[in-house]
Amino acid sequence: LGVVQVLNKVRGSFDDQDVALLEILAHQIASRLENARLHQEARLAEVAKYVGHICHDLKNLMTPVQTGAQTLDGIVAADADEADAVLAQQALPEETRARLEAIRDDLRSLVPEIIQMVLEGALATQQRMAEIANAIKGMVVEPVFEEADVVEVAERVVHLLTMQAEGLGVRISVERVGDVPPAVVDSRQLYNALYNLVFNALEACEGHGAVTVRVAAKPQGQFPDGNFVQIEVADTGKGIPEQVRQKLFTDQAVSTKPTGTGLGTRIVKNVVDVHGGTIEVDSEEGKGTTIRVRLPLRR
């Protein structure tokens, strides 16, 4: 468990009696440390059991959400077809026809898009819960590296958060800067990291401004100066205080939100580390923040 070092006996040299006394003290210390460790393990086991139950319940709760969304998708398609039939067979006042056409168009475009967002969110939640449950069992999911379109991953994140952005009054977009070839990444982990970054950026804008995800690449050279794909999440929000920025993406990360834990930034840092990448933060209070992630194009 450790080492006891004793120095500078006041009178005389150390002898067998001193050794015997130290052995007694060491046994007492070791026993207390062991008891503390066992107590902590028992508490962690109880927490793990409780979290496992929550994960199981959340996975089950997502099932009716998915079933309901799929059922609604069929109903919406049928209603759109019925609207077509009414428009084709009846002579309607111009204002009524225009209104019915607008409703039909929403049923064909906007509503299916919302349903797809719900399904994607429910699936992502189930997958995340499965990862947590596996982690509790001691089974950490190993990253799966394969060629992926990083722009497409960013677009999926932005698509899922578009309605939230609109509700907050924030513009959100993805920009492809030049040619961006496929990168060898774990697209699932990258999705989780980008989701955390974009979600935090939206909240930082406080109901106005914009969040932009820019994706660029430099195939030539050696990482980190070349052979990289670069993802920037830039917002025009309130910026990050210096004392918070210094601890960002470390184990000492803190959150400026009342109920925040700083866990999201640690998840991002873990994903970047798994990919052997780098992460930088440029921020100015009152003007916004840009978080820049570079990952190797090829491993």
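Arg156 counts as partly exposed, at 32% relative accessibility, in this predicted model. Its salt-bridge partner is Glu152, with the closest N and O atoms 3.2 Å apart. Glu152 is partly exposed as well, with a relative accessible area of 34%. Both residues sit in helix α4, four residues apart, so you are looking across about one turn of the helix.

| Salt bridge | N to O distance | Where the residues lie |
|---|---|---|
| Glu34 and Arg37 | 2.4 Å | helix α1 |
| Glu152 and Arg156 | 3.2 Å | helix α4 |
| Glu280 and Arg292 | 3.1 Å | strands β6 and β7 |

Glu34 and Arg37 are three residues apart in α1, again about one turn of the helix. Glu34 is partly exposed, with a relative accessible area of 28%, and Arg37 is partly exposed too, at 34%.

The Glu280 and Arg292 bridge works across two strands. Glu280 lies in β6 (residues 278–284) and Arg292 in β7, so this pair ties together parts that are twelve residues apart in sequence. Which of the two partners is buried, and which is partly exposed? Arg292 counts as buried, at 17% relative accessibility, whereas Glu280 counts as partly exposed, at 45%. Both belong to a network of salt bridges that also links Glu175, Arg214, Glu232 and Asp282.

Now for the nonpolar inside. In general, nonpolar side chains of soluble globular proteins tend to be buried together. In this model the largest nonpolar core has 43 residues, and Leu194 and Val215 are those with the most contacts inside it. Helices α4 (150–168), α5 (187–204) and α7 (263–274) each supply at least two residues of this core, and so do strands β3 (183–185), β4 (210–218), β5 (228–235) and β7 (288–296). The largest share, nine residues, comes from α4. Apart from this core lies another, of six residues, including Ala69, Ala80, Leu107 and Leu119.

What does Leu194 touch, once residues up to four places away in sequence are set aside? The list is Val153, Ala154, Val157, Ile231 and Val233.

Helix α5 also carries some aromatic interest. A search of the whole structure turns up two aromatic pairs. One of them is Tyr195 with Phe199, a stacked pair at 6.1 Å centre to centre and 15° between the planes. These two are four residues apart in α5, so about one helical turn separates them. Tyr195 counts as partly exposed, at 27% relative accessibility, and Phe199 does too, at 22%. Together with Tyr191, they form one aromatic cluster.

Met62, in helix α1, is buried with a relative accessible area of 19%. Met62 touches Ala122, Thr125 and Gln126, leaving out residues up to four places away in sequence. Met62 and Thr125 are 63 residues apart in sequence, yet 7.7 Å apart in space, C-alpha to C-alpha. Arg104, in helix α2 (residues 94–108), is buried as well, with a relative accessible area of 19%. Neighbours within four places aside, Arg104 is in contact with Ala80, Ala83, Asp84 and Leu87.

Leu1, Val4, Val6, Phe14, Leu21, Leu25, Ile29 and Leu33 make a nonpolar patch of about 780 Å².

Most residues other than glycine have a negative phi, and most peptide bonds are trans. Asn8, in the segment before α1, has a positive phi of about 60°. Asn227, in the loop between β4 and β5, also has a positive phi, near 55°. Is each one buried or exposed? Asn8 is exposed, with a relative accessible area of 71%, while Asn227 is buried, at 16%. The loop between β4 and β5 is also the place of Pro224, which a cis peptide bond joins to Phe223, with omega about 10°.

Definitions and conventions:
Residues numbered from 1 in each chain as written. Predicted model: local features only at pLDDT ≥ 70, side-chain atom pairs only at ≥ 80, totals over all residues. Heavy atoms only, no water. Patch = residues over 30% accessible without salt bridge, like charges linked within 9 Å, V, L, I, M, F, W, Y side chains within 5 Å. Areas by Shrake-Rupley, 256 points an atom, 1.4 Å probe, with all protein chains shown as cover. Salt bridge = Lys/Arg side-chain N within 4 Å of Asp/Glu carboxyl O. Core = buried A, V, L, I, M, F, W, Y, C linked by side-chain atoms within 4.5 Å. Buried < 20%, exposed > 50% of the residue type's maximum accessible area, 1.4 Å probe, protein only. Contact = heavy atoms within 4.5 Å. Phe/Tyr/Trp six-rings, centres within 6.5 Å; stacked < 30°, edge-to-face > 60°.
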